[in-house]
Every structure is written in structure tokens, then in C-alpha cells.
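I opened my notebook to look up a few things in this structure. Here is what I wrote down as I went.

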Amino acid sequence: KKTKEKTLPDIQDITICDSTGQMIEKARKDGVELCFDRSATMKACPIGADSACCKHCAMGPCRLNAKDPYAKVGVCGATIDTIQARNFGRMIAAGAAAHTDHGMAMLDLFREVVNGKITDYTIKDPIKLNEVAASIGIETEEKTTEEVAHALYEELERTYTQVEGEVPFAKRVPPKTLETWRKLDIVPRGAMREIMEMMHRTHMGVDQHYENIMKQGNRTALSDGWGGSMVATEISDILFGTPVPVAAEVNMGVLKENQVNIIIHGHEPNLFESMMASVNSPALTQAAKDAGAEGLNLVGMCCSGAEMLSRHGIPHAGNFTSTEAIMVTGAVDAMAVDVQCIQQGLSKVADCYGTYLFTTNPRCHIENTEHIEFHEDDPSSCTDEVVIKAISRFKSRKYPVQIPNIRNTGIHGFSYEYINYMLGGTFRGSYTPLNDNIINGRIRGVAGVVGCTNPRVKQDWVHVELVKELIRNDVLVLQTGCSQIALAKEGLCSPEAAYLAGPGLSEVCEAVGMPPVLGMGSCVDNSRILIAASEMVKVGGLGESIAELPVAGAAPEWMSEKAISIGQYFVASGVYTVFGVTFPVTQNTRFHDLLFNGLEKQGLGKWGFTPDPYEMAQKMIAHIDAKRKALGIHK
Ligand code: SF4
Ligand code: MSK
């Protein structure tokens, strides 16, 4: 154990999150291993990191040499470009499938609510229902909410099942962008078809031209951004309410020593919504009091948490790489998870601290972890059970409790609808302050900074340094997912952070009372950024396509296949998108050139890469300036 400890990095090199740092220190004393330790002791495979290997058939696995990429081919003759395009295509397919399956689950729930078969949920936002319906050409005048909802369900189902034509939300895409997609034949037909075709084409011996593979890569990614993800966001807003700004606390200090602490972690809002009902039930509140607790404390983590933080102001305890560390507090009585970004390592850490860990979704079981299945037609049978188990753990807490006393207050819940309203007009109205402020130069451009945290880089540091640099240069930052939580922990989601912005952006922030960093929700809510971009085009004055806007995107600490799908749908929509950590492609290859240059020549966006936050900011600002110049608004 001593030798192992010697090889572990210093905590200040692992994270800038003080709470997580304190828990890493405690875990080391307790002899408990976390993802940070595993990443320090398991070097990333250099061949895999460059995507220079293929295991698509039993003639391999084949390994090529990233340093001399054209020296060898696979047993079947596959070149480095074919191999890495197939690998990249499959990452897109997996990421798109995750978002699409999540969106389909939301749509299933919507259907059963509309049909009256599920009664624990209702349509909370009929205005949004009508807006979404109207945006895809459904007549809403003189129709009841039920009639519009039925029509919307029928239409949105095509997002998944349609085999020819265009997904419904293609109607929201600016005409010039859509025209480019049609010319390139990459308008998604239906998400299931695109994901299936991506998997087929990347099977051994099918598509062996990297450009053609990426054509399907674009179409699959777009079926996520303008399909599965967008449906998930819009239906969640309709069922649970469209976010409006709300003050809320983040960081591990949201746990309460004298209360029963329950964490929800994952991605689907329905589990969390029902958990809110359970913790508010008088009977369970009384049961907690009878056990000696002051109450029931429900908090979120990861993206379920980011969504509920944004929609309801529910406290958020930390992002992806803090999900194991938080159990080291000894204060977590139960953690219930659903799907996506759930580390298997949680199970062992939960065991070490006597925390109840429950899986709840039929798609996600974990070995040695109790499964209490969540059913939307009887949600409380799962959520009440989680609360009861949490109370029993509180009653017999055996482990010392050490909660880092750190909480940060910020404003979250900036749906794109609210951003318009807040800035004094609508994108559709004649007065368009966002565009006006970009044209007059107070706001230089807009950046979406999103995505995960990754134990291979210092947690939160790349996000925070990048965003500080962007706002200092008058770039308004939109955020989702674990990135939003990184900035919230640093206090940048509060209006008081305006002093960190450049003179133009801080003037706008102070006039409106908004933070320079606008948190929009979970990673599936990146679709909100797509809609904001397309509305900016429709208003006018900033070009005719998304590719002409002075905008850029980044996922500085990404780790998941979903991030690759998100990155690709932004690129295919016309956005320059820069990733940090690592990029799963071999440099100096034709495929690398396609992603980093070729797609832009086709009228789409392009990829960028650097692990350095300052260089990342420079790249994004240079791109924004180039777009401003092309629009004739550069100063
Ligand atoms: Fe090797 Fe070709 Fe099989 Fe891939 S598909 S493992 S490159 S033989
Ligand atoms: S949870 S995909 S770590 S943002 Fe959406 Fe966070 Fe990335 Fe998972």
C-alpha cells in the first residue's frame, strides 16, 4: 500500500474542488480507492488513445503505428483512416443512442400521460407545449391541450422511427444550414435508422472510405442534437416545467449532518421528480423525525442534478468525478442512480461507508448493488423505498461524518426562452438585444462550454480557466452538464461575477442583473444551445447560417461517447468545437484533416483540440473574431 501511495499524485494536482480534495485525502487515510487513484495507476493505452487499433473482427485485433500511420494496414487491408473513422463513427453512434434512448423514454412517458394511463405526472407547461408544436407546423389554434399533445406525440415519434424524410425538428434549422445538409445528404431521417446504419457501415468489410463513414457520422450526430436530445429537453420542459432563473446552492456542503441525505445521480428527470414527491410526503418526513433526523435532504449530482438545479433550484453536491468522493463524507444515507455516467466503482465505495446504493432503471444494473426498479405508473413504490432505506441507514450511522463546509450560491435555469425574455425582447421580436449587443460589440460572441470532468486532468481547472478567459474577453458563456457545476462551485454563476467579465459583457450583465455564465441544465440540454443559435440566425444581422455566427463550443474535460456525439452535432451544425484532455484520432492523417479542416470546407463547422485552457480560449476567440470580420462587425 505504501508503494502505491508514493505513486499517487498530490491532491492539488488532481482537483481545484476543495471539497473533493478533502474527501480524496480522507479516502487515502481510510484506504479507499477512487477514480483519481485508478487513473493515476492505470496509464491510458497509447494505441487506443490515438484510435490506431481495430477489434471489429477476429482476424485482428489489429494495431497500427500512430507515429508512422501509413506504414501498415490491418489484416483485412483497412487503412488508418478507415480504422479511426470507424472508431469515431461508433463513438458517435453510442453517444447518440444514449441521448436518443433517454429522449424516447421521455416520449414514452409523455404518451402515457397524454393517454391518461400514467397519472403521477401532468403537462406542467402548456405554453411550451403549444410553442414546440407550432415550431414544427402543428396547428394549435382552437385546439385543446390534449389535442395538441396527441398531435405532438405523433409527430415527435417520427424522430425515432421514421425511415425516410427529415426528422421533425429539421423545421427549426435555419434554411441555409438545412440547405447545406440537404446538399451533403446528411439530414437525419430517423434516429434509429441513422444509428443502425452507422453500426452497419462500421462493421468489418462495409464502408471503407473515411469521408463516406463521416457522412453517416454527421447524419447520426444530427439525429441526436436535432432529434433525440432535443425531444428529451422539450418533453421534459412540457412535463416538468421550463426552467426560469432560480437561486440555488452547489458543493458538498449541501449535505446536512443532522438530516437524512439522499443523492440522485444520472440523467432522467422522472426519477428525481418522483423522489421530490416522496421526500415531501408527511409520512416519510415524520419517519425521518422519528429516527432522530431533522428532516429529509434531497440533493442532486451529475446531470440529473444539473437538470433539477436548473428547473427547481434543488441543491447540487458535485459533478461526475465527485460522485464516489462524496460518499467518503460518511453522510450519504442513500444514492439512487438511473442511467449514464454511473461509475461501477460507486458500488465499492458505497460498501466502504455503509451507504445504500440503488440502481433503479432496467437498463442499468450494477453487480452487488440492490436494484429497486422505478416504474412511472407507480413511482412511489421505488422512491418511498429508497427514502425508507435511507432513514434506516441514518438511524444506525456507523461511520464518522465529515462534510466539507463549502457551499456556493448562484443563479441557474437559463432556458433559451428566458435568455430572450431577460435581454428585453424575443428572438422573434423586432427588438433583439442579444444580436444587437453582439453587433455593437459589447458582447464579442457566444461560447458554449459544456461536458464532463475527467480524472485524467485536474478536475474543474480547465473549465474554470477557460471560462474566466472567455468572459474577460467579453464572450458570453452558456453552460450545461458537469461544466456548469464546475463554474458554479467557483462562484461564476452569480451576477456578482460580472466584475470578472470584460467591459462590454460586464455592462450588459450589470444592466440586466445576470451572471456572465448562464447555466442551462444537463448535457442533453445542449439542444437549448442549438435552438438559441438557430434563433440568433433567424433574427438577422449575424449571417444566414449557424456557421456564420460568432460562436464557438468547448468540452474541456470531456470523457464520454455522448460528448463526441454532442461535439459532432455542433460541428455538423456549423460550430467550431474545441475539445481538451485528448482527441481520439491520429494526427497527420487524412481523417484528422477531414475533422479539423475538411468539414468546414463543406460548409459545416470544424473540430479543434488543445488540453491547455488559455490556448483553447485563444482559438475560440480568434474564431469568433474571424466570424465577426466576415460579417463586417469587427472592431
Ligand atoms: Fe483487423 Fe480489419 Fe478485422 Fe479491424 S476489421 S480487426 S483492421 S482485420
Ligand atoms: S453527466 S456526459 S459526465 S457532462 Fe451528463 Fe457530466 Fe459528461 Fe456525464
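**Entry 1: the model.** I noted at the start that this is a predicted model.

**Entry 2: the record.** I checked UniProt, where an unreviewed entry lists Cys45 and Cys53 under "binding site". I then looked up each of these residues in turn.

**Entry 3: Cys45.** I found Cys45 in the loop between α3 (35-41) and α4 (46-49). Is Cys45 buried or exposed? I counted 10 C-beta neighbours inside 10 Å, so Cys45 goes down as exposed; the cut-off for that label is 12 or fewer.

**Entry 4: Cys53.** I located Cys53 in strand β1, which covers residues 53-54. A residue needs 20 or more to be called buried. Which residues is Cys53 in contact with, leaving aside its neighbours within four places in sequence? My list for Cys53 reads Ile47, Gly48, Pro61, Cys62 and Arg63.

**Entry 5: strand β5.** I moved on to β5, residues 296-301. Six of its six residues are buried, so β5 is largely enclosed by the rest of the structure. I also sorted its residues by direction: Leu296, Leu298 and Gly300 point one way, while Asn297, Val299 and Met301 point the other way. Both sets are buried.

**Entry 6: the partner of β5.** I saw that β5 pairs with strand β4 (residues 260-265) in the parallel sense, over six bridges. To finish, I picked out one place along this pair: His265 stands opposite Met301 in β5.

Technical notes. Residues are numbered from 1 along each chain as its sequence is written. Chains are lettered from A and ligands numbered from 1 in the order in which they are written. This is a predicted model: local features need pLDDT of at least 70, side-chain atom pairs count only at pLDDT 80 or more; totals for chains, interfaces and linings use all residues. Helices (H or I, at least four residues) and strands (E, at least two) are DSSP runs, numbered from the N terminus. Two strands pair if DSSP finds at least two bridges between them. UniProt positions are given in the numbering used here, feature names are shortened, and annotations may be inferred rather than shown by experiment. Two residues are in contact if their C-beta atoms, placed from the backbone, lie within 7 Å.
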